[in-house]
Amino acid sequence: MKVSRRTQAYWIVGAVLIIAYAIIPVIWIISLSFKEGDDITNNAFLPTVWSWENYKTVFASDLFTSALRNSVGMSLIATTISVILATLAAYAISRLEFPGKRLVLGVALAITVFPVIAIATPLFDLWRNVGLYDTWLGLIIPYLSYSLPLSVYVLAAFFREIPWEMEQAAQVDGATAWQAFRRVIVPLASPGVFTAAILTFFAVWNDFVFGITLTSSEAARPVPAALAFFQGASQFSQPTAPIAAAAVVVTIPVVILVLLFQRKIVAGLTNGAVKG
Amino acid sequence: MSITTPAAPPRKPTETRAARRIRLTDRARKERNLGWMLAGPAFIAMVAVTGYPILNAIWLSLFDFRLTDPDGRTFVFLGNYATILTDGLFWKQFGVTAIITVVTVSVELVLGFGLAMVMHRALYLRTALRVAILVPYGIITVVSAYAWAYAFSNTYGFVNSLFGLGDFDWFGGTWSALFTVCVAEIWKTTPFMSLLLLAGLAQIPDDYLEAAQVDGATAWQRVKRVILPNMKAAIMVALLFRTLDAFRIFDSVFIMTAGAQSTETLSFLAYRQTISRVMVGLGSAVSVILAILVVLIAVLFVKVFKTDLSQQRGDKK
Amino acid sequence: MAAIEMRNIVKEYGDGFKAVNDISLDIADGEFMILVGPSGCGKSTLLRMIVGLEDITSGDMVIGGERVNEKAPRDRNLSMVFQNYALYPHLTVFENIAFPLRLNKKVSEDEIRRRVKEAADMLELNEHLDRKPANLSGGQRQRVAMGRAIVRQVNAFLFDEPLSNLDAKLRGQMRTEISRMQRRLGTTTVYVTHDQTEAMTLGDRVAVLRRGFLQQVASPRELYEQPVNMFVAGFIGSPPMNFLPAVVSGQRLKLPFVEVDVPAIAADKVTDGQLLIAGIRPEHFEDARVLDESKRAKGATFRAQVDVTEWLGDSQYAYIPFEANAEVTKQLADLAAELDGEALRTQLIISIDAMSRLREGHEGEFWVDTRRMHLFDPGSGENLTRDEAAAADLASLEEEELRERTAR
C-alpha cells in the first residue's frame with residue numbers, strides 16, 4: 001500500500017514507544033544491579049555511581065553459581081533430548097498414517113492444558129519415593145514432558161510446510177521411508193528444528209514451579225528458584241541489588257538468543273500457532 | 001448411485017475395514033511401524049511423567065492425607081472437594097484468579113493488537129522492534145516479577161518518585177497489589193499475544209485493504225470491517241492460549257506478593273496446601289479442580305471457536 | 001523397460017467414494033500412454049497407483065509381468081516427474097539427479113558421475129550442475145526433474161502434469177523435448193495431463209477418463225474422428241465440438257439452421273420423431289462465399305446471423321447463437337460443467353477462412369460438411385454414427401507404427 005510520509009512518521013513514533021515499553025523494565029533491573037550502598041534505596045531510576053559490587057557478590061555466592069550451573073546444564077540437556085524426540089514424533093504425526101496418532105496428539109494437548117502445579121505436587125511425592133528428588137534427572141524428566149508438546153507443535157507446523165511431493169519423489173527414487181526422512185526431510189527441516197530448540201530452551205530456562213517444588217538444595221536448584229530463596233545478611237533484608245544482578249545474568253542468554261535469531265523465533269511462534 | 005435397489009445392499013463398513021486390514025500393503029505396514037517407532041519415545045516421555053502424577057493426584061484427592069501423619073490417612077471420597085467448594089477462601093481465590101485473567105487478557109488483546117499493527121506496518125526499525133518485543137517474551141517470569149516488584153516498591157522503586165506518590169505502599173492493599181501483578185503479567189506476555197495476532201494480520205492480503213480504501217472506508221472502518229473480521233481465527237487462538245496461561249498464574253504472585261493481602265490465586269493455593277502445609281489430599285483436590293477449570297475454559301473456547309469458524313466457512317460457500 | 005497391465009483397478013476411499021472405477025488398461029512395452037480427463041476424473045490417482053504412492057483397493061497392477069500391488073514404490077523401479085518437480089532444495093542439480101543412484105550403495109562414484117553427465121548432456125544441463133534448484137528457471141527445473149527420472153534404468157517413466165507450471169511458449173518447447181527423449185530412450189511412459197494439445201501430440205494412445213471410469217482408449221486420431229460418446233467428442237478438440245438438437249423426421253434430420261439426411265450408419269438406430277444431439281466440429285463449417293465449388297455439393301448450406309467474430313490472423317471464428325429447448329440446453333450445460341467449462345448460452349462456434357470478410361451482426365451464408373457430423377443419443381451419450389471399421393483401421397495403423405519404432 002502507498003503510505004504517506006506523515007502516516008509513516010506515526011508508525012515510527014509507535015515503534016519507538018513499543019521499544020521503550022519493552023526495554024525500560026529491563027534497563028531498570030540493570031540499573032538497579034549497578035547500584036550500591038544508599039543508591040539502592042534512593043528511589044531513582046539510575047544509580048549515582050555505577051558499581052560492579054553486586055556482580056562480585058553473586059558470583060562469590062555458591063548458591064548462585066551452582067544454580068547457574070544447574071540451570072545451564074539441565075536446560076541444555078532437556079532441550080537437546082526434547083528436540084530430538086519431538087522431531088521424530090512431529091514427522092510421524094504430520095506425515096505418517098498410524099493407529100494411535102490421535103492419542104499422541106491428545107496426550108500432548110492434555111499436558112499443555114494441565115496446570116504445572118497440579119503435576120508438581122504429586123511428582124514431589126513420587127520423586128521422594130524413588131530417589132529422584134533434588135537431582136538433575138528429577139528436573140530434566142518433567143522439563144522434557146512439559147516442553148515436548150510445544151516442540152512437537154512447532155515442528156509439525158514446519159514439516160507441514162515441506163511439500164509432500166519431496167518424500168514421495170524420494171520414495172519413487174528408491175528411498176526407504178527412513179532414508180527419505182534422513183536424506184530429504186531432516187536437511188529441509190533443520191531451520192525448524194533449530195527454532196524449536198530455541199523456544200524449548202526459553203520454556204525450560206523459565207521454569208520456576210518444578211524448580212521450587214522438586215529441589216531442596218544447591219544440588220539441582222535452578223536459577224529462578226534460587227532467586228526466590230536468596231537471603232541477605234539478615235533474614236529480614238532481602239538482598240535486592242544482588243538479586244537484580246543475578247536476574248541480569250540469567251537474562252543475558254535470552255537477549256543473546258533473541259539478538260541472533262529474532263527472525264526465526266518470530267516465525268516459529270507464529271507458524272505453530274496459526275496452523276497447529 | 002442409487003439407494004433404491006435392495007438387491008445390492010451396500011457393504012457394511014465393518015466388512016470393508018476387515019478386508020482392508022488383510023490387504024494392508026507393504027507400504028502401509030511399514031508406515032505404521034515407522035510411525036510408532038518415531039512417535040513412541042516422545043509419547044512415552046510425555047506419559048511417563050504426567051500420566052502417573054495426574055492419576056495419582058486424582059487418587060490422593062479422595063483421601064484425608066497429611067504428609068506428616070501418613071497413618072492417619074483416611075478415605076473421604078469427595079469430602080475434600082466438598083470442603084474446598086464450601087470454603088469461602090476458595091471462592092475468594094477463584095475470584096482473584098478470574099480478575100487477573102480477565103484484566104490481563106483483555107488489556108493484552110488491545111495492546112497486543114496495537115503492537116501487531118505497528119510491527120506489520122512499520123517500514124523502519126523492524127529488526128529493533130522484533131528484538132525489543134522478544135525480550136519480555138524470552139525473559140524469565142521470575143526476573144520480570146522482581147523487576148516490577150522493585151520498580152513499585154516504596155523502598156527501592158522509581159515508580160512512586162516518578163509519579164509523585166510519596167510513600168505509597170503498592171503491596172499494602174489488595175487492589176494495588178493485584179494491579180502490580182497485572183502490570184508485570186501484561187508486560188511479559190503481551191509480546192506473545194501480539195506475535196500471534198501479527199501472524200493473523202499478515203495473512204490478510206493488502207488487496208482487501210486497498211479495495212476498502214477505494215470503496216471509501218476510513219482507517220478506523222478498515223480496521224473494524226476488514227481487518228478484525230478476517231483475523232478472527234488468530235484472535236481466538238491468541239485468546240485461548242493466553243487465557244489458559246493467565247488462569248494458571250503462579251510465578252509472579254509468588255515473587256511479588258507471596259499471596260499476601262488476599263492476592264492468592266488458585267495455583268498458589270494448590271502449592272501452599274501440598275508443599276508448605278503438607279495437606280496432600282486437600283492440595284491434590286485443589287489441583288484437580290484447577291485442572292478441570294482449565295479444561296472447561298479450553299472446551300468453551302474451542303466450542304465458540306468452532307461454531308464461529310464453521311459459520312465463516314458457510315458464508316464463503 | 002516393461003509393459004504395464006491394469007486389470008479391474010478400483011480405488012475406493014474410506015467414505016465409499018470411488019475415485020477410480022474398474023479400469024483395465026494395457027500399456028505396451030515402449031508405448032507412450034496419455035491419461036487425460038477433466039479435474040477429478042481419477043487420472044492422477046491412477047498414476048499414483050501405478051507408482052505405488054496410493055494403495056489399490058482391488059484389481060491387479062502388473063508391471064513387466066509381475067504383480068506389484070503390495071510393493072513399495074521403491075521396489076517397483078519406476079521414475080516419476082511431479083507437477084511441482086519435487087526437486088530437493090538442499091541439493092545441487094548434480095546431486096538431485098544423482099539422488100536415486102546414491103540410494104543404491106552398489107553404484108560406484110565413477111558410475112554415478114558418468115550417468116549424471118549423460119543425463120545432463122541429453123537435457124543440456126551441464127552448465128547448471130553446481131547450482132541449487134532455487135536459482136533455476138521453471139524450464140530448467142523441469143529438465144532437472146526429467147534428469148532425475150532418466151538417470152536410472154527404469155521400467156517406466158511416469159509424468160504427473162509436468163508442464164502445467166510453465167508458460168505457454170516454454171510448454172510447447174518442453175513438449176517436443178519430452179517426446180524426443182521418449183522416442184530416443186524407448187521407455188514405456190504414462191503421462192497425465194488435462195491439456196489436450198499435450199494429449200494429442202505426445203501420445204501413441206490416449207485414455208480418456210471421466211469420474212473414475214475409462215471412456216475410450218485410442219490413438220489421438222481415432223479419438224478425434226471416431227469418439228465413442230458425447231463426452232469424448234466434447235473433450236477432444238479446441239474449440240470444442242458444437243452440439244445441436246436434431247429431430248428425426250422420416251429420412252431427414254432437422255437441425256436449428258439446416259436439414260440433412262439421416263446418415264446411413266445411424267439409420268437403423270433411430271426412430272421417427274426422436275430427439276438426438278448432433279455434433280459438428282467448428283472446422284467442418286465454412287463461409288460459403290470462400291468455398292471451393294467442388295466441396296459445396298458434399299455438404300449443406302444455410303443462412304444465419306453472426307453475433308461475434310474473432311480474427312486470429314491465421315484463422316477466424318464466428319459465433320452464431322441458436323435456440324434450443326430446455327432439455328437440450330440443460331444437457332449441454334451439464335456436459336460443459338463436467339468438462340471444466342461453463343455454457344453461458346447455446347451457440348455455434350465455427351471456424352471460417354481467415355480471408356472471409358463476414359461482419360458482426362450481419363447475416364452470412366455458411367456451408368457445413370454433413371459427412372463429418374456425429375449423432376449422439378441424448379440419454380446415454382452414445383455415438384450412433386461411430387464407424388467401427390474406420391476405427392479399427394486407425395488402431396491397426398497405430399499399432400504398426402509402435403511396433404516399427406520399438407523394433408528399431
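Predicted model: local features only at pLDDT ≥ 70, side-chain atom pairs only at ≥ 80, totals over all residues.
**View 1. Chain B and its overall make-up.** Chain B has 317 residues, of which 41% are buried. The domain assignment divides chain B into domain 1, covering residues 22-58, and domain 2, covering residues 89-316. Taken over C-alpha atoms, the centres of domain 1 of chain B and domain 2 of chain B are separated by 34 Å.

**View 2. Segments of chain B that UniProt lists under "transmembrane region".** The unreviewed UniProt entry lists residues 34-55, 94-119, 131-150, 170-187 and 278-302 of chain B under this name. Two of these segments are described here by their secondary structure in the model. Residues 131-150 of chain B are 90% helix and 0% strand, with 24 Å between the C-alpha atoms at the two ends. Residues 170-187 of chain B are 78% helix and 0% strand, and here the end C-alpha atoms lie 17 Å apart.

**View 3. The contact between chain A and chain B.** On the chain A side 83 residues take part, and they are in contact with 88 residues of chain B. The element that gives the most to the chain A side is helix 11 of chain A, residues 240-275, which supplies 18 residues. By residue class, the side of chain A that touches chain B is made up of 68 nonpolar, 12 polar and 3 charged residues.

**View 4. Ala42(B) and the largest nonpolar core.** The largest nonpolar core has 279 residues, and Ala42(B) is listed with Ala89(A), Val152(A) and Tyr146(B) as having the most contacts inside it. Once its neighbours within four places in sequence are left aside, Ala42(B) is in contact with Leu85(A), Ala86(A), Leu88(A), Ala89(A), Leu148(A) and Val152(A).

**View 5. The two domains of chain A.** Domain 1 of chain A covers residues 1-51 and domain 2 of chain A covers residues 60-275, according to the domain assignment. Their centres, taken over C-alpha atoms, are separated by 30 Å. The contact between them draws 6 residues from domain 1 of chain A and 6 residues from domain 2 of chain A. On the side of domain 1 of chain A that touches domain 2 of chain A, the residues comprise 4 nonpolar, 1 polar and 1 charged.

**View 6. Strand pairing around strand 1 of chain C.** Strand 1 of chain C, residues 4-12, pairs in the antiparallel sense with strand 4 of chain C, residues 58-63, over 5 bridges, and within this pairing Ile63(C) is the bridge partner of Ile4(C). Strand 1 of chain C also pairs in the antiparallel sense with strand 2 of chain C, residues 18-27, over 6 bridges, with Ile9(C) standing opposite Ile23(C). The hairpin of strand 1 and strand 2 of chain C has 5 residues between the strands, and in this hairpin Gly16(C) takes a positive phi near 90 degrees.

**View 7. The segment of chain C that UniProt lists under "domain: ABC transporter".** The unreviewed UniProt entry gives residues 4-236 of chain C under this name. Over residues 4-236, chain C is 36% helix and 25% strand, and the end C-alpha atoms are 25 Å apart.

Methods: Residues numbered from 1 in each chain as written. Chains lettered and ligands numbered in written order. Contact = placed C-beta atoms within 7 Å. Helix = DSSP H or I, 4+ residues; strand = E, 2+ residues; numbered from the N terminus. Nonpolar A, V, L, I, M, F, W, Y, C, P; charged D, E, K, R; others polar. Domains from an automatic or database assignment. Core = buried A, V, L, I, M, F, W, Y, C linked by C-beta atoms within 7 Å. Buried ≥ 20, exposed ≤ 12 C-beta atoms within 10 Å, placed from the backbone. UniProt positions renumbered as here; feature names shortened; annotations may be inferred. Pairing = 2+ DSSP bridges.
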